[in-house]
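Open the model in a viewer and keep the sequence panel beside it. The tour goes from one selection to the next and says what is there.

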Amino acid sequence: MALIVLAADKGAPGVTTAATALGAVWPRPVLLAECDPAGGDVAYRLPAADGGVLNPGRGLLTLGATARRGLTTALIHEHTQKIVGGLDVLAGLTHGEQAAGLTWLWGPLGRALAALPGADVLADCGRLGGHPELGELIAEAGLVVLFTRGSLDHVAHLRERLHVMPRGARVGVVVIADPRQYRGTIEDVRRIVAATSKDVAFVAGLAHDPKGAELLRGQWGGRLDRSLLIRTARELAGRLAAETAPREARSTAVPAPGTAPPGIRGAASAPGTVPATISGAAPNAPHRPIPGAAPRTSPDRDPGTGTLRGAVPGALPGTGLGAAHGTGPAAAAPRTAPGPYGEAPAPNGAPTPYPAPAGWREEGT
């Protein structure tokens, strides 16, 4: 299966939140691996499958301690944990100083993750540049996704990072965009990237949605599947899955250069092209799982639970995908006080509506 590196050049555009959201809606079996030498966050953000806490000391650190005689794909599974919703995670280091003793690990780890049978791997590598040895892992990736905000400083650092990316690396760019200027921000970054003359596979978007990020962490109740974060993550997951599919499959699933990413409607398309859905089908067509995917009722629901993989329905009722479809836990209790962003309480506990990003429509709507 595919190893996909998720990273940024500078600042904190939200790589870990994006990685968790993508893992929750990924259309194939997937492992989220925290490979940031500065340390991981998932163990402190999300509960374990049994409702308890994840063990921050079990993961990349324990894997490194037992892999000095050889790192195999089977060994990786011995150090993963499940979070509520069923997403498998390889927890990262607890602090950056631990990376000093693991400089030898990144190359073997990259080769093992790239060869992991039966599952894709989303490797959260955090901020690039501080640990050159991480380049050995990046060299094994089938796709490197660089996240950026639409601000001038972030895009300037992105442009410089593109110039120093290893020759031959397949690189994509994802813009964490304000929903109010969603399409325009992505197009601006696309023009800047095109001006660098670097070979970039695509420029796509993910909504900047603080409320959705809090829902993902279970900090308050609501319809997680209706959040802009998850709706745009679903589109992005389909794009990344298509980019890492076999070459013959990519030829029919990926739009021609300069066309809109799958599911982002309203942008100009090349003559004769049709924006793909999450599964590569024509718009409004019934969902068909990507070939080779494990049987699921939908790409973002965990078998047997009906929840988003990585969501936390046990912590706050109503945050799982099943609740949105009437099959999961009961809806959250009505709020009688303003929410964390000052919004008025929703009547009868109904979720606060989310406006759609400018220039964006969810598939099938």
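Which residues are linked with Arg239 in a network of salt bridges? Select Arg170 and Glu243 together with Arg239: these residues form the network in this predicted model.

**Stop 1: helix α10**

Stay with Arg239 and Glu243. Their side chains meet in a salt bridge, with an N to O distance of 3.2 Å. Both residues belong to helix α10, which covers residues 228–243. They are 4 residues apart there, or about one turn of the helix. Now show the surface. Arg239 has a relative accessible area of 5%, so it counts as buried. Glu243 is buried as well, because its relative accessibility is 2%, and the cut-off for buried is under 20%.

**Stop 2: two other salt bridges**

The salt bridges number 10 by the rule used here. Select Arg223 and Asp225, whose side chains form one of them at 3.8 Å from N to O. Asp225 is buried, at 6% relative accessible area.

Next select Arg159 and Glu160, which also pair through their side chains, at 3.8 Å from N to O. Are these two residues buried or partly exposed? Arg159 is partly exposed, with 36% relative accessible area, and Glu160 is partly exposed at 45%.

**Stop 3: helices α7 and α8**

Select residues 152–164 for helix α7 and residues 182–195 for helix α8. Their axes come within 10 Å and cross at roughly 35°. The crossing is right-handed. To see where the helices touch, show the side chains of Val155, Leu158 and Leu162 on α7, then those of Val189, Ile192 and Val193 on α8. What classes of residue make up this contact? It has 6 nonpolar residues, with no polar and no charged ones.

**Stop 4: the nonpolar cores**

In soluble globular proteins, nonpolar side chains tend to be buried together. The largest nonpolar core in this model has 49 residues. Select Val5, Cys35, Leu71, Leu109, Leu113 and Cys125, the residues with the most contacts inside that core.

Centre the view on Cys125. Apart from its neighbours within four places in sequence, Cys125 is in contact with Val5, Leu6, Ala7, Cys35, Asp36, Pro37, Leu134 and Leu137.

Methods
Residues numbered from 1 in each chain as written. Predicted model: local features only at pLDDT ≥ 70, side-chain atom pairs only at ≥ 80, totals over all residues. Heavy atoms only, no water. Axes fitted to C-alpha atoms, helices over the stretch in contact; angles between N-to-C directions. Helix = DSSP H or I, 4+ residues; strand = E, 2+ residues; numbered from the N terminus. Left-handed = near helix turned anticlockwise from the far one by under 90°. Contact = heavy atoms within 4.5 Å. Nonpolar A, V, L, I, M, F, W, Y, C, P; charged D, E, K, R; others polar. Core = buried A, V, L, I, M, F, W, Y, C linked by side-chain atoms within 4.5 Å. Buried < 20%, exposed > 50% of the residue type's maximum accessible area, 1.4 Å probe, protein only. Salt bridge = Lys/Arg side-chain N within 4 Å of Asp/Glu carboxyl O.
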